[in-house]
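The report that follows goes through the strand pairing, the chain contacts, the nonpolar cores and some local backbone features of the structure displayed here.

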Amino acid sequence: MKKVSFVLAICLGLVLMATGAFAANATQNLTVNATVSARATLSLTKSSITFPDADPDATPSVPANENAVSVTAKVRTGSASTATLTHLAAGDLVSGSDTILISNVTWTASGTGFQAGTMSKATAQTAGSWVGSGNNSGTFSYFLANSWSYATGSYTASSTYTLTAP
Amino acid sequence: MRKVSFVLVIGLGLVLMATGAFAVTATQNLTVNATVSARATLSIGQTSIHFPDADPDATPSVPANENAVSVTAKVRTGSASTATLTHLAAGDLVSGSDTILIGNVTWTVTGTGFQAGTMNKTTAQTAASWTGSGNRSGTFSYFLANSWSYATGSYTASSTYTLTAP
């Protein structure tokens, strides 16, 4: 009778072990990290535009030869942050001692987030605005208000586009 | 036998370092060029004028029926350059074998830069002069010195206005 009880106890133990009643666990945590920083790249397909001579009566608004200029603005920023593209002219169009106010140059825009505007040498003008990260593409087309009052010459002005990802 | 199970606890953490202190910018330069060439357009309100018959005693200076004739001169030139409008008659007033010297026709003017004068078949006469570009408007009024010595007839003469933008 004792022998039977002992055998039964051993069998019960084996069954319990097989079912994991005596299983043991050990754990180790692993933390995974990723860093995503603010980032910005800007690309315009033209670094220079030219307005040709035209009859002010026939062509009151002169389009640049290079229209439409493709623009790509890639940004990484906060999901609720606003990335902006601005334009600022260094000065007026100048030919020797003659000038044409840079505010006579305007642009239209295509593409989500891109904005039309008027060139300014005093205040950076918004040319694009997007909330959150992304790869944004569009075009700018430039126009010069024509006038009989312009002196003859070859005019030039420098300007800069700045893309900011906060 | 102890069964050891390793349970991996994965904690996924994204660390977004999106603070203003880490804002980035990208820039792109754009050069703006414009060409302005010399240009001139001339518009005169009448292509023909007519001096009616009149009593030389009562009307020693016969005004043309079309007075005052509007003139518009548009020029683009250098800021220190002089644009000029001249008039040259092709010959005297002629009716068959009879003539009236073209020098008997004079004009008066209104408008900045416009100048009065006497018609001449030999030397172009200055009718206007301006410095630099612009859109100028004025009028010409024509007069025929009347005389009892004129033979009867229907006289005609051709002439040309020339606007020059250097």
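## Pairing across the two chains

In this predicted model, strand β3(A) pairs with strand β2 (residues 24-36) of chain B, and the two run in the parallel sense over four bridges. Within this pairing, F51(A) has A34(B) in β2(B) as its bridge partner.

The contact between the chains involves 59 residues of chain A and 46 residues of chain B. On the side of chain A that touches chain B, the elements giving two or more residues are β1 (24-36), β2 (39-44), β3 (48-51), β8 (98-100) and β13 (153-165) of chain A. By class, that side of chain A is made up of 27 nonpolar, 27 polar and five charged residues.

## Composition of chain A

Of the 166 residues in chain A, 27% are buried. When contacts in chain A between residues at least 6 apart in sequence are considered, 73% of them join residues at least 24 apart.

## An open sheet in chain B

Three strands of chain B form an open sheet, in which the order is β11-β6-β13 and the pairing is antiparallel. Because β11 (125-131) and β13 (159-164) of chain B stand at the edges and have a single partner strand each, one side of each is left without a neighbour in the sheet. From one strand to the next, the twist averages 10 degrees.

Strand β6 (residues 82-89) of chain B pairs with β13(B) in the antiparallel sense over six bridges, and in this pairing T84(B) has T164(B) in β13(B) as its bridge partner.

## Nonpolar cores

Which residues have the most contacts inside the largest nonpolar core? They are V75(A), L93(A) and A34(B), in a core of 35 residues. At least two residues of this core are supplied by each of β3, β5, β6 (82-89), β9 (105-110), β11 (125-131), β12 (134-145) and β13 of chain A, and likewise by β2 of chain B. The largest share, five residues, comes from β13(A).

Residue L93(A) touches residues of both chains: leaving out residues up to four places away in sequence, its contacts are T99(A), I100(A), I102(A), Y155(A), T156(A) and A157(A), together with V32(B) and A34(B).

## Cis peptide bonds and a loop residue

The peptide bond from N67(A) to A68(A) is cis, with omega near -10 degrees, and A68(A) is found in the loop between β4 (61-63) and β5 (69-76) of chain A. In chain B, a cis peptide bond joins N67(B) and A68(B), with omega about -10 degrees; the place of A68(B) is in the loop between β4 (61-63) and β5 (69-76) of chain B.

Apart from neighbours within four places in sequence, T59(A) is in contact with A54(A) and N146(A). The C-alpha atoms of T59(A) and N146(A) are separated by 7.0 Å, although these residues are 87 residues apart along the chain.

Notes: Residues numbered from 1 in each chain as written. Chains lettered and ligands numbered in written order. Predicted model: local features only at pLDDT ≥ 70, side-chain atom pairs only at ≥ 80, totals over all residues. Buried ≥ 20, exposed ≤ 12 C-beta atoms within 10 Å, placed from the backbone. Contact = placed C-beta atoms within 7 Å. Nonpolar A, V, L, I, M, F, W, Y, C, P; charged D, E, K, R; others polar. Pairing = 2+ DSSP bridges. Axes fitted to C-alpha atoms, helices over the stretch in contact; angles between N-to-C directions. Core = buried A, V, L, I, M, F, W, Y, C linked by C-beta atoms within 7 Å.
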